[in-house]
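Please try each task before turning to its solution.

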Amino acid sequence: MRTGVWLVGARGSVAVTSVIGALAIRAGLAQPTGCVTELPEFGGAGLPGLGDLVFGGHDIVPTPLEKKAAALAGAGIVPARLVEPLRDELARVEENLRQVPLAENQAATAELIAADITEFRLRHGLERVVVINVSTTEPAPEPHPAHADLELLEAELAVSQDLLPPSALTAYAAFRAGCPYVDFTPSTGARLPALDRLAGLLGLPYAGHDGKTGETLVKSVLAPMFAQRNLRVRTWSGMNLLGGGDGANLADPAANAAKAASKQRVLGETLGYTPQGETRIEYVEDIGDFKTAWDLVTFEGFLGTPMRMEFTWHGCDSALAAPLILDLARLTAAAHRSGRTGPLGELAFFFKDPLGTVPHALADQWRVLREFAGTLGGLGGEETV
């Protein structure tokens, strides 16, 4: 099941780490550590193999993949020993990358985006292409009536340059190209009602939002513990320090607010109430792609006894996210092949702000994900690698 993975933000750290990882695993140079779909539970799910994934994508910057890979190695994000053996493979992926097009209106721009994806699919003889957004976080857009009405949306796109934020325009173009769409960012993506209708009309699945890789992953384990033990959480405050391109982008207050809201949502929906406190994000250029999150939780025990806990998470954003990109590409491709349409709430396990009504507790999301994978098997898919 040769499957295309079209990465929006293809020259960024997450995208390039994902590509290097898939190529290294395929070449026997690395183990699939962190790839959920390599666990035994997914062996019969009919997923495309990691070796069957073909990468392409859009970006606004021209940095060559080889140069980006060397920079990631220099920063300690990927092992330096992998860059030279994968040089030829990275050059082949480079041939599939395109500059983000821009036309006189968003309808024409979407046509150009869709044409690039379609050309990629046909040139490589791919069964399908999954479009995954790993670009920088956008501010939330101003509401517009066309966001809820597909006919009005398409009429307005023909005369507008800014009706849809980039993530939503990409989702629209992906659907028009016949491709499932995944948003690994907290941006708008396919969240708009008009785009949900388009996905339904065209029989396409989509997933998102905002990959769950660090602090929020820990919250989704700890918050259910407090709820199940009937311990009242009084405050939960977090401080996130990060550098790199994502950190620089989040220095913008509007993008920062969108990200912080996504990170905090798990608490209210898991506990049934919202404790005092907030999540703050600060850009620290010197720490690069590594991030540190420090959380303070105060809670009330039996007879009102006050207690507290603290935890610190220090991780590499791209190395945590990259295997999940590969997982989502494989699962979404299999869902498309099995005829699934609309939001894939069963993939909530991977997201801070998931679609659908699946609980935020990681254990519940894991159960739902395994059950979902069980519905995808028996389709004649290749063995996973």
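In this predicted model, helix α6 is followed by Gly178, whose phi is positive, near 80°. Local features need pLDDT of at least 70 and side-chain atom pairs count only at pLDDT 80 or more, while totals for chains, interfaces and linings use all residues. Residues are numbered from 1 along each chain as its sequence is written, and side-chain values use heavy atoms, with hydrogens and water left out.

**Exercise 1.** Determine how the axes of α6 and α7 cross.

*Solution.* Helices are DSSP runs of H or I with at least four residues, and strands are E runs of at least two, numbered from the N terminus. The axes, which are lines fitted to C-alpha atoms over the stretch in contact, with angles from 0 to 180 degrees between N-to-C directions, come within 10 Å for α6 (residues 166–176) and α7 (residues 193–202), and they cross at roughly 15°. Therefore α6 is roughly parallel to α7, a term for angles under 35 degrees.

**Exercise 2.** State how far α6 is covered, where buried means under 20% relative accessible area with a 1.4 Å probe, protein chains only.

*Solution.* Nine of the eleven residues of α6 are buried, among them Ser167, Leu169 and Tyr172.

**Exercise 3.** Is strand β2 enclosed or open?

*Solution.* Seven of the seven residues of β2 (residues 53–59) are buried, so this strand is largely enclosed by the rest of the structure. On one side lie Leu53, Phe55, Gly57 and Asp59, and on the other Val54, Gly56 and His58, so that both faces are covered.

Conventions. Parallel < 35°, antiparallel > 145°, perpendicular 65-115°, else oblique. Buried < 20%, exposed > 50% of the residue type's maximum accessible area, 1.4 Å probe, protein only.
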